[in-house]
Amino acid sequence: MPVTLNHTIVPASDHRAAARFFASVMGLEELPPAGRNGHFAPVRVNEQLTLDFMTVPDPEGHHLAFDVDPDTFDWILARIRAAGVPYGNDPAHPDNGRTDHPLCPRGLFFADGDRNLYEVMSPA
């Protein structure tokens, strides 16, 4: 059996709000609360992976990167723009409004209120 990532914890000051934000920008499904007492707010990324947002006292922020096809990239960019979420092509400046990524033809970074930095990369 190959090794696959099943889930990862994403720290947040409000796990439900952070999951809702990420799911809405990425066009993904928010799942019902999970874990003992519903302390995880999972978002289905694909068949194998969920991001499980969890409330913590002082979220330190993570960097999570995603490969997407060109159409999905366009949809994500459209949702980001419609929601007024700052984005950019540089992790140090995720608000410069550019998508000319240094590692791929098109890519962007955006952040949430807990300093989680999301990267979306497309081959075209």
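Before anything else, a word on naming: helices (H or I, at least four residues) and strands (E, at least two) are DSSP runs, numbered from the N terminus. What I am showing is a predicted model, in which local features need pLDDT of at least 70 and side-chain atom pairs count only at pLDDT 80 or more, while totals for chains, interfaces and linings use all residues. Residues are numbered from 1 along each chain as its sequence is written, and side-chain values use heavy atoms, with hydrogens and water left out.

Let me start with the loops. Asn 37 sits in the loop between strand S2 (29-30) and S3, and although Asn 37 is not a glycine, its phi is positive, at about 60°. Is Asn 37 buried or exposed? With a relative accessibility of 83%, Asn 37 counts as exposed, where buried means under 20% relative accessible area, exposed over 50%, and partly exposed in between, using a 1.4 Å probe and protein chains only. Arg 115, which belongs to the loop between S6 and S7, is likewise a residue other than glycine with a positive phi, in this case near 70°, and at 53% relative accessibility Arg 115 counts as exposed.

The loop between H2 and S6 holds Asp 100, and Pro 102 lies in the loop between H2 and S6 as well. Asp 100 is partly exposed, with a relative accessible area of 38%, whereas Pro 102, at 64% relative accessibility, counts as exposed. If we leave aside the neighbours within four places in sequence, Asp 100 is in contact, meaning heavy atoms within 4.5 Å, with Asn 89, Pro 105 and Gly 107. By contrast, the C-alpha atoms of Asp 100 and Arg 20, which are 80 residues apart along the chain, are separated by 27 Å.

One further loop residue is Asp 69, placed between S5 and H2; Asp 69 is partly exposed, with a relative accessible area of 42%. Asp 69 and Val 120 are 51 residues apart in sequence, and their C-alpha atoms are 9.9 Å apart in space.

Now to the interior. A nonpolar core is a set of buried Ala, Val, Leu, Ile, Met, Phe, Trp, Tyr and Cys residues joined through side-chain atoms within 4.5 Å. Which members of the largest nonpolar core touch the most other members? Among its 27 residues, they are Phe 53 and Phe 110. At least two residues of this core come from each of strand S1 (7-12), helix H1 (15-26), strand S3 (40-44), strand S4 (50-55), strand S5 (63-67), helix H2 (70-83), strand S6 (106-111) and strand S7 (117-122), and H1 gives the most, with six residues. Apart from its neighbours within four places in sequence, Phe 53 has contacts that include Val 10, Ala 18, Phe 22, Phe 40 and Tyr 118.

That brings me to the aromatic rings. Rings of Phe, Tyr and Trp (its six-membered ring) pair if their centres lie within 6.5 Å, and planes under 30 degrees apart count as stacked, over 60 as edge-to-face and the rest as tilted. By this rule the count comes to five aromatic pairs. In one of them, the rings of Phe 22 and Phe 53 have centres 5.9 Å apart and planes at 45°, so the pair is tilted. Phe 22 lies in helix H1 and Phe 53 in strand S4, so this pair ties together parts that are 31 residues apart in sequence. Phe 22 and Phe 53 are both buried, and they belong to one aromatic cluster together with Phe 21, Phe 66, Phe 110 and Tyr 118.

Finally, the two helices. H1 and H2 pack at an angle of about 125°, with their axes 7 Å apart, the axes being lines fitted to C-alpha atoms, for helices over the stretch in contact, and the angles running from 0 to 180 degrees between N-to-C directions. H1 and H2 are therefore oblique to each other, given that angles under 35 degrees count as roughly parallel, over 145 as roughly antiparallel, 65 to 115 as roughly perpendicular and the rest as oblique. Ser 24, Val 25 and Met 26 of H1 make the contact with Ile 76, Arg 79 and Ile 80 of H2. Of these, Met 26 is buried, with a relative accessible area of 7%, and, its neighbours within four places in sequence aside, Met 26 is in contact with Phe 66, Ile 76, Arg 79, Phe 110 and Val 120.
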